[in-house]
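Please take a moment to look over the sequence and the fold displayed below.

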Amino acid sequence: MKKLITLLVCATALSLTACAPEKPASTRVADTGGSRKGDFGPPQGEPIKAVLTSPPHVPPPTNRNYPAKVIVELEVIEKDMEIAEGVSYTFWTFGGTVPGSFIRVRQGDTVELHLKNHPSSKMPHNIDLHGVTGPGGGAASTFTAPGHRTQFTFKALNQGLYVYHCATAPVGMHVANGMYGLILVEPPEGMSPVDHEYYVMQGDFYTVGKYREKGHQPFDMQKAIDENPTYVLFNGAETSMTGPNALQSKTGQHIRMYVGNGGPNLVSSFHLIGEIFDKVQYEGGTHFQENVQTTLIPAGGAVTVEYHTEVPGSYVMVDHSIFRAFNKGALAILQVEGAEQPQIYSGKQVDEMYIGDKVVSLAPVAVAASARETGTLTKAQQVAAGGVLFKGTCSTCHQDDGAGLPNVFPPLAKSDYLLKDPKHAIEVVLNGLTGPVTVNGNTYNSVMPPMSQLTDDEVANILTYVLNSWGNTGPAISKQEVAKVRATTKRSEGAAH
């Protein structure tokens, strides 16, 4: 009996389906995706050339109430750029930047994408847009050799914020070298107006050298396979949005940020210290969450966040997997100008020790590294570089003036312990120090953690600065002297990681 009832129900359903009139083609297209409200007919008017922008900038809204044919022209360029001060890397880019150019279209648009691969490129490339419905997101249609151009067309069926990336084998290597970006497919009614829109994208990078090791650094495939990045960065460089490059805003403004994660490996825990996201469109989709402190962004995913600025100051954007922020570079600054708001917040506007060397230029470090390569490095250059690095690694405990904290951290200024045997300081930095020490007649019993994540150059410059500041008169410490001590340490690599 149950089988008979089931057969009758199925037969009735099939009969109703067969009798129902066929939906118009435009309606059928609209029903294929999660976004059913759109104009999916043919493009109207003359073709429009898309305005593309480099990070952190965002193209203007489409401001259209009809679907159009939009032409997007992207060029792949392989180029050397700074990944950190004094550190260069060969990036593979869409449009010459990491992340690639921001693309903005409207739901229902017909997008004609032209992909060029610069003749100077060494590799073929293609593009996979997560906002495309079709094989490989376009990758199957855009395999482009150096000096060639390809093109394909797609219908923007679903609104949302989508990642695009290269999908040429080895895919992970292409993505790890910076080949990713965002495409925004606006809803038919457009995005609500805001005061500022910004484009931020996180990525993890794998170099043969250590974090901030100077010179040109090649890609390290084994580190990438092991998912052990040297750098985790916003917009492709440690200084992309710090110092003079910090994002700018004023109090009382409404900010929208389009935030993506190119990966290739790590999930981002995106957080803006001192702000709460009023609205988060998680996973780049249509739904949103409110009053969010930290939002997860998967590799190959994106979010749209909105918030209001009330209090002036320097706001720090981080991946809240926190060692990535302070030891791998995933840190950016939003500078908010305006009148103080003591009824909301009272305190320092900027806590430089917390932010460390991210609020100052690391240019002296690069100058010292270049001079060392040419054999012209001077003590003065080491002192200048060491002063910048000291702020980011040592000043929290020992203070900017080297005075330390009474009964807690010993002074470095006019320190008899330090000046008695300056070379011993190398061992302290690399191996750490635990237990009581007597400095200038006072006993201190704190912990100095090992700092072996610093390169030999950085240790040499920091110690040269310390030994020649605040009334100290000491020698310059060389990279070779640090390397010799490092070779004798029990855990010469990773003790402080």
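Alanine 176 is buried, with a relative accessible area of 1%, where buried means under 20% relative accessible area, exposed means over 50%, and partly exposed lies in between, as computed with a 1.4 Å probe on protein chains only. This residue has its place in helix α3, residues 171-176; helices (H or I, at least four residues) and strands (E, at least two) are DSSP runs, numbered from the N terminus. Leaving aside residues up to four places away in sequence, alanine 176 touches Tyr89, Asp204, Phe205, Tyr206, Phe219 and Pro264, a contact being heavy atoms within 4.5 Å. Proline 264 is 88 residues from alanine 176 along the chain, and yet their C-alpha atoms are separated by 5.7 Å.

Before going further, note that this is a predicted model, in which local features need pLDDT of at least 70 and side-chain atom pairs count only at pLDDT 80 or more, while totals for chains, interfaces and linings use all residues. Residues are numbered from 1 along each chain as its sequence is written, and side-chain values use heavy atoms, with hydrogens and water left out.

Seen as a whole, the chain has 13 helices and 25 strands, and 51% of its 497 residues count as buried. Among the contacts in the chain with a separation of 6 or more, 69% are between residues 24 or more positions apart.

Two packed helices are described by the angle between their axes and the distance between the axes. Helix α11 (residues 424-431) and helix α13 (residues 479-486) have axes that come within 10 Å and cross at roughly 60 degrees, which makes α11 oblique to α13. Here axes are lines fitted to C-alpha atoms, for helices over the stretch in contact, with angles running from 0 to 180 degrees between N-to-C directions; angles under 35 degrees count as roughly parallel, over 145 as roughly antiparallel, 65 to 115 as roughly perpendicular, and the rest as oblique. At this crossing, Ile426, Glu427 and Leu430 of α11 meet Glu481, Val482, Val485 and Arg486 of α13. The buried residues of α11 are Ala425, Ile426, Val428, Val429 and Leu430, and their cover includes α10 (416-420), β22 (433-434), β25 (447-448), α12 (456-467) and α13. Just after α11 comes glycine 432, with a positive phi of about 80 degrees.

Turning to the strands, an open sheet of 4 strands has the order β4-β9-β8-β6, with mixed pairing; two strands pair if DSSP finds at least two bridges between them. Its edge strands are β4 (103-106) and β6 (128-129), each pairing on one side only. Strand β6 is joined to β8 (residues 160-165) by 2 bridges in an antiparallel arrangement, and leucine 129 has tyrosine 164 in β8 as its bridge partner.

Elsewhere, strand β16 (residues 277-281) pairs with β17 (residues 289-292) in the antiparallel sense over 3 bridges, and valine 280 has glutamine 289 in β17 as its bridge partner. Strand β16 is also joined to β19 (residues 301-308), again antiparallel, by 3 bridges, with glutamine 281 opposite threonine 304 in β19.

How many disulfides does the structure hold? There are 0, a disulfide being a pair of cysteine sulfur atoms within 2.5 Å. The sulfur of cysteine 397 lies 8.6 Å from the closest cysteine sulfur, that of cysteine 394, which is too far for a bond. Cysteine 397 counts as partly exposed because its relative accessibility is 30%, whereas cysteine 166 is buried, with a relative accessible area of 0%.
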